[in-house]
Amino acid sequence: MKVLKFGGTSVGSVENMNHVKSIINDGSKKIVVLSAMSGTTNALVSIASEIEKNNINQAESEIDKLYKKYVDVVDNLLTDKYLNVGVMAYVNERFNFLLRCLEKPFSLTLENEVLAQGELLSTYMFNAYLQQEGINSQLLAALDFMKINEVKEPDFKYIQEHLNEVLNSTPGADIYITQGFICLDDAGKVSNLQRGGSDYTATIVGAVIKAEEVQIWTDIDGMHNNDPRFVEGTQPISDLSFDEAAELAYFGAKILHPQTVLPVREDGIPVRLKNTMNPPAPGTLISSNHVENGIKAIAAKDNITAIKIKSGRMLQAHGFLRKVFEIFEVHETSIDMITTSEVAVSLTIDDDKNLDKIVSELEAIATIEVDKNQSIVCLVGHSIVNHEDTFKLFQILKDVKIRMISYGGSRNNISLLIDTKDKVETLQKLNAYLFELVTL
Ligand code: ASP
Ligand code: MG
């Protein structure tokens, strides 16, 4: 069985839902994971935050605006009177729930319950639409089987047991529809897999049913080799290994949730990225195969802070780095890039919530310099550390000030730290010389 996940734009309009229907209606049994309609989760986040700030009127008017949108979609999508009435009753139920949240005290669970409404709505509507079109589909409630543990990781054993139970109790369906993103936490309360988490739902489900393939359908022709927002003429990458995809997903290649490939990597279940608006396009295939052909992709992550820690005490001393790392650990801040010399260590963080505390503790053992507004540019490809492309980098970027380089931490990744103001130029130059084969 395959697992197919469709993102917010794919279910964002009646027309697109019709595309999705044609894609999934090919006679083979499958599980379809859906996001909320595009814009909905953002709207729900905003509603929850207004409730938190006690701006009840504002929250109510946002709920009302969202409701009108759904009434419109239901009316266009469900021409069958009977189904239309049924779905409207469900939509009303969900919005009445939201209205009741206005009277409750704010809590994290309340926020999670508010956020969960988007996927509950999209799956219910889409399942009814499939029935209207004569497709034998069945809605599965993700909250009956998706669960995370105390450390917020999927509880695979629980998910496997419960999903199998649910599937066995409805053996006759051709297409199972379920919600992405939402799950229960270890205490059985409504929670989620973080923003963009529907991708993760799809690979978790794929892993527990040992799917033959997981497909992630979005509105772009696969993972691109550079950031299309800043560089013209970027190309979809046809093949990526799990390792390469994991590096890219983390480094801001926004198309995939960072955790997506983890559940399926061990079993080698391929993940295919496809475009709902252009189904014939081959997209990107992420699998266990490695193709060695130099730098395949470039991605950048902004809002990075660099910290330079300089100390005479480092010279030939041991235990210095441990002290440094301990300070970051105490303040629950993870370090992304790190480079060292005999007397200094530079490292980067992307979460600067506790920066002041970290700096003041570091100042007790070293001289500290902090640079904000930095970007990590990450170059990915199988075994690129030995590839000739890599040796061209300094020449290509001879006019860009490179603040740090991380080389050799993984064979598949080289990271450069630059000032964010140089990012666009850096991405464009790398694109021209590495991918468009402009000669140096
Ligand atoms: N609807 C959720 C979000 O917007 C999850 C997802 O779309 O993957 O983050
Ligand atoms: Mg997404």
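How far apart do the C-alpha centres of domain 1 and domain 2 lie? In this predicted model, the two centres are 39 Å apart. Domain 1 covers residues 2-219 of the protein chain and domain 2 covers residues 297-435, with bounds that come from an automatic or database domain assignment. Residues are numbered from 1 along each chain as its sequence is written, and chains are lettered from A and ligands numbered from 1 in the order in which they are written.

Around ligand 1 are Ser35, Ala36, Thr41, Glu119, Phe181, Arg195, Gly196, Gly197 and Ser198, each with a heavy atom within 4 Å of the ligand. This shell consists of 2 nonpolar, 5 polar and 2 charged residues (Ala, Val, Leu, Ile, Met, Phe, Trp, Tyr, Cys and Pro count as nonpolar, Asp, Glu, Lys and Arg as charged, and the others, Gly among them, as polar). A nitrogen atom of ligand 1 lies 2.6 Å from a polar side-chain atom of Glu119. On the backbone side, a polar atom of Ser198 is 3.0 Å from an oxygen atom of the ligand, and a polar backbone atom of Gly197 is 3.4 Å from an oxygen atom of the ligand. The protein buries 86% of the 270 Å² that ligand 1 exposes when taken alone (areas by the Shrake-Rupley method with a 1.4 Å probe).

The second largest pocket holds about 520 Å³ of space. Among its 24 lining residues, Ile148, Lys152, Ser191, Asn192 and Gln194 are the closest to its centre; a lining residue has an atom within 4 Å of a grid point of the pocket. Helix H5 (108-132) and strand E6 (190-192) each supply at least two lining residues, and H5 gives the largest share, 5 residues. By class, the lining divides into 9 nonpolar, 8 polar and 7 charged residues.

Conventions: Predicted model: local features only at pLDDT ≥ 70, side-chain atom pairs only at ≥ 80, totals over all residues. Heavy atoms only, no water. Polar contact = N/O pair within 3.5 Å; in protein donor to acceptor, adjacent residues only side chain to side chain. 1 Å grid on protein atoms, 1.4 Å probe; cavity = no way out; pocket = protein on both sides within 12 Å on 5 of 7 lines; lining within 4 Å. Points joined across faces, edges and corners; volume = space filled by probe spheres on them. Helix = DSSP H or I, 4+ residues; strand = E, 2+ residues; numbered from the N terminus.
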